[in-house]
Amino acid sequence: MATLSIGEADTKDVLDSEKISDRTSVDSSQDFIDEKALAEKAEAVALQVISTRDDPDLPILTFRVALLGLGLSVFSSVLSTIYTFKPQNATVSQLFCLIIAYVLGIGMAALPSHGAWRYINPGPFNIKEHTVIVIMSSTASSVAVAMEVIAALDLFYDLRLNSAVAVFSIFSTQMLGEWSSHVLRTFLVYPTYAFYPSYISVVNLLQSLHFGGALNMKRRRFFWIVFAAIFFWEWIPQYAFPLLTAISVVCMVDNGRHDFIRNLFGAGSSNEGLGLLSFSTSWTLITQGTPLVWPLQTRGYIYIGMGLGYLFLTGGYYLNVFNGRSIPFMSTSLFGEDGASYNQSAVIDSDFKLNTDALATIGLPRYTTTYALSQLFYNLSLGSAFTYVVIWHWAELKAAFGGLKFLRRGHADVDDPHYKAEVPQWAYGLLFFASLAVGIGCSYAGPHGTVLIPAWSIILFTILSWFVAIVLGFITATTGFSISIKYAIQIIAAFLHPGKPIPVMYANLFGNSTSFQTLYLLQDLKLGQYTKVPPRMTFFAQMAGSIIGSIFNFTMMKIIVTNNREVLKDPIGTRIWSGWVIQQYNSASVAMGALGKELFSFGKPAGYWIIPFAMFLGIFLPLPFYVVWKLSKPNSRLARVMKYINIPVIALYMGWLPYSVNGQWWSCVVIGIFSQWWLRTRRPRWFVKYNYLMSAALDGGSQVILFILSFAVFGASGNAISFPTWWGNSDTLSVDRCD
């Protein structure tokens with residue numbers, strides 16, 4: 001990936017694309033596409049695909065924004081909470097929010113605009129109104145880690161927080177992320193290298209819908225054709241013909257006879273297998289790999305990591321690494337010596353502390369081998385991320401943070417009038433202290449006087465998460481990847497709170513949650529920059545979305561947990577519902593919180609000590625590649641290869657597979673190579689005009705129909721309706737015939 005300096009002398013380059021607005025305009029004929037730059041530089045997409053057109057007089061804070069932003073924030077927060085309890089690792093994309101907002105916004109713009117009606121309809125529905133609605137609703141759709149932790153307390157500890165305490169806990173951690181993201185914006189939003197590849201399709205669609213011209217009409221027609229096609233198709237693999245969600249020739253031939261085949265090739269049901277050579281026709285699953293968005297160089301990291309993952313995860317299990325052959329191949333739950341779910345209630349007393357006498361009888365819990373290795377690889381990824389950013393991007397770090405100028409100057413030195421309307425730094429400081437105080441207060445308001453986590457620990461993990469966000473934010477901004485720090489947070493919390501599972505679980509709220517929210521909000525700030533929305537309006541949209549999301553995340557979570565309690569506690573789950581996301585927090589609270597010393601100390605029989613130690617090993621992983629680069633001839637093929645090998649992302653994907661369903665990844669390989677190599681290099685004009693538009697249409701159509709199916713037949717409202725059994729929907733075999 002090319003890197004650019006962001007020193008004071010060069011920050012004007014952030015908006016240099018203004019000088020070429022004519023040739024990059026989305027509503028031009030695009031005869032000036034730089035095919036060489038498009039093929040060679042990942043961030044060139046932002047200049048080639050996105051227009052720099054702006055109209056500073058467009059109204060932004062309108063009745064339409066308030067009404068549609070509120071309604072879609074509720075809608076998307078409910079849908080994203082449903083996804084949290086699904087076996088698929090799915091999320092609500094901004095494209096989904098964008099499409100619905102456009103349809104409704106255009107409808108409201110058709111209302112009368114004279115007299116009192118002008119307050120409801122001030123004129124044509126414009127791109128800045130649209131962007132604010134999208135930011136507001138997508139912020140609400142970002143499921144808070146706090147909600148997941150609160151669900152784990154309910155499911156596995158029978159601790160039910162007061163509704164007000166729960167909602168304010170969620171909101172406080174999101175606001176801490178809000179503060180952090182705005183402090184980091186001069187480094188991770190304004191510069192050209194921070195182009196956030198997964199958001200190009202969002203901006204591309206926004207501009208296509210709002211900037212006029214004959215070409216735009218053609219593009220809109222293309223969008224709605226693709227949207228309708230996937231809408232009418234997606235219900236078939238998701239409901240009527242589930243075999244199409246994971247087509248595995250190997251599994252069909254074996255027909256569920258051999259465990260090895262199921263473990264390596266299975267992919268149709270929750271926690272079934274790794275999905276080698278399994279293909280899906282369901283875009284709801286395929287879009288998890290964003291095959292039309294991430295550049296080929298980035299996709300290469302995924303393929304290398306997953307290839308190594310197939311080898312290490314399967315080999316580790318059959319070599320009995322971590323003594324895991326006698327328990328299931330895949331699960332995020334804990335298991336006892338007998339292979340059944342671990343009886344955690346017997347070893348944790350009524351004060352939520354370890355009962356050593358009961359532990360001597362029950363014994364220590366065990367992770368599945370694949371889950372233990374996944375945690376190890378995630379920690380390798382996190383450790384290597386720090387070294388990777390320091391050795392390859394030291395100049396950018398020094399320019400952004402040297403002399404702590406960002407604390408005194410809230411915006412980059414760019415020639416853009418919108419950034420003169422910044423929110424002052426003192427306002428973010430006030431937000432930080434208020435959010436921290438609310439979070440501390442809620443942590444002392446647990447059921448029956450339970451202190452969920454002490455104040456000093458909250459402060460420590462909040463500071464830690466901010467420093468981590470600096471490193472991980474750079475990787476997200478340039479590659480689109482988000483690296484989780486939850487395992488690292490759990491390990492640190494286990495050492496700080498030995499024998500106390502609840503504080504270890506709660507540490508995720510102020511460590512992992514704040515970092516995750518920071519990265520998510522940084523992307524919205526970049527979306528605002530791309531569409532020329534003033535930063536104060538972006539701030540308003542994020543605040544409103546966070547408040548609404550906090551309320552409805554919690555409300556929908558309570559409904560789902562109440563109606564599907566036993567399924568969510570089951571270590572494997574079903575094809576429709578699964579508690580695998582929530583089980584991770586519970587497993588960590590018991591294994592690391594209550595039993596950290598017994599399980600993770602060096603020399604213990606389980607050998608789990610290597611999992612936390614992997615963070616330190618990861619620090620050294622990028623160094624050999626850096627040394628080879630230094631010793632190579634400048635600009636040689638070897639030097640370029642060494643510089644572009646992204647060890648954090650490769651390590652991340654080595655541990656990506658042992659969760660939920662995996663039937664989609666080989667479809668992602670085929671589609672990703674076709675889009676990001678053949679189309680990008682052989683048909684660059686079609687790629688620029690339609691590739692990201694097609695991604696938006698496919699995401700939007702598939703997520704609309706999945707929302708309908710979730711409430712209509714999948715039981716989100718409490719009543720599931722099964723499709724009649726037939727060959728493509730077996731009631732005796734898994735959907736891909738592997739189990």
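The legends below describe several close-up views of one predicted model. Residues are numbered from 1 along each chain as its sequence is written, and side-chain values use heavy atoms, with hydrogens and water left out. Because the model is predicted, local features need pLDDT of at least 70 and side-chain atom pairs count only at pLDDT 80 or more, whereas totals for chains, interfaces and linings use all residues.

View 1. Helices (H or I, at least four residues) and strands (E, at least two) are DSSP runs, numbered from the N terminus. Of the 739 residues in the chain, 63% are buried, where buried means under 20% relative accessible area, exposed means over 50%, and partly exposed lies in between (1.4 Å probe, protein chains only). Among contacts with a separation of 6 or more, 81% join residues 24 or more positions apart, a contact being heavy atoms within 4.5 Å.

**View 2. Helix α4 (residues 63–84) packs against helix α6 (residues 127–141).** Two packed helices are described by the angle between their axes and the distance between the axes. Here the angle is about 30° and the axes are 7 Å apart, which makes α4 roughly parallel to α6. The axes are lines fitted to C-alpha atoms, for helices over the stretch in contact, and angles run from 0 to 180 degrees between N-to-C directions; those under 35 degrees count as roughly parallel, over 145 as roughly antiparallel, 65 to 115 as roughly perpendicular, and the rest as oblique. The residues in contact include Leu-68, Leu-72 and Ser-76 of α4, together with Val-132, Met-136 and Ala-140 of α6.

**View 3. Thr-81 is found in helix α4.** This residue has a relative accessible area of 0%, so Thr-81 is buried. A polar atom of its side chain lies 2.7 Å from the backbone oxygen of Ser-77.

**View 4. Ala-110 sits in the loop between α5 and α6.** With 65% relative accessibility, Ala-110 counts as exposed. Although Ala-110 and Pro-124 are 14 residues apart in sequence, their C-alpha atoms are 8.2 Å apart in space. In helix α5 (residues 94–109), the buried residues include Phe-96, Leu-98, Ile-99 and Tyr-102.

**View 5. Helix α8 (residues 163–183) meets helix α25 (residues 512–530).** The 21 residues of α8 reach 31 Å from first C-alpha to last, close to the 30 Å expected at 1.5 Å a residue, the expected span being 1.5 Å times one less than the number of residues. Because 18 of these 21 residues are buried, α8 is largely enclosed by the rest of the structure. The axes of α8 and α25 come within 7 Å and cross at roughly 55°, and the two helices are therefore oblique to each other. Residues that meet here include Thr-173, Leu-176 and Ser-180 in α8, and Gln-517, Leu-521 and Leu-525 in α25.

**View 6. Helix α33 (residues 647–654) is largely enclosed by the rest of the structure, because 8 of its 8 residues are buried.** Among the buried residues are Ile-647, Val-649, Leu-652 and Tyr-653, and what covers the buried residues of α33 includes α15 (296–318), α18 (369–392), α22 (455–479) and α31 (623–631). At the N-terminal end, Asn-646 caps α33, with a side-chain oxygen 3.3 Å from the backbone nitrogen of Val-649.

Key
Polar contact = N/O pair within 3.5 Å; in protein donor to acceptor, adjacent residues only side chain to side chain.
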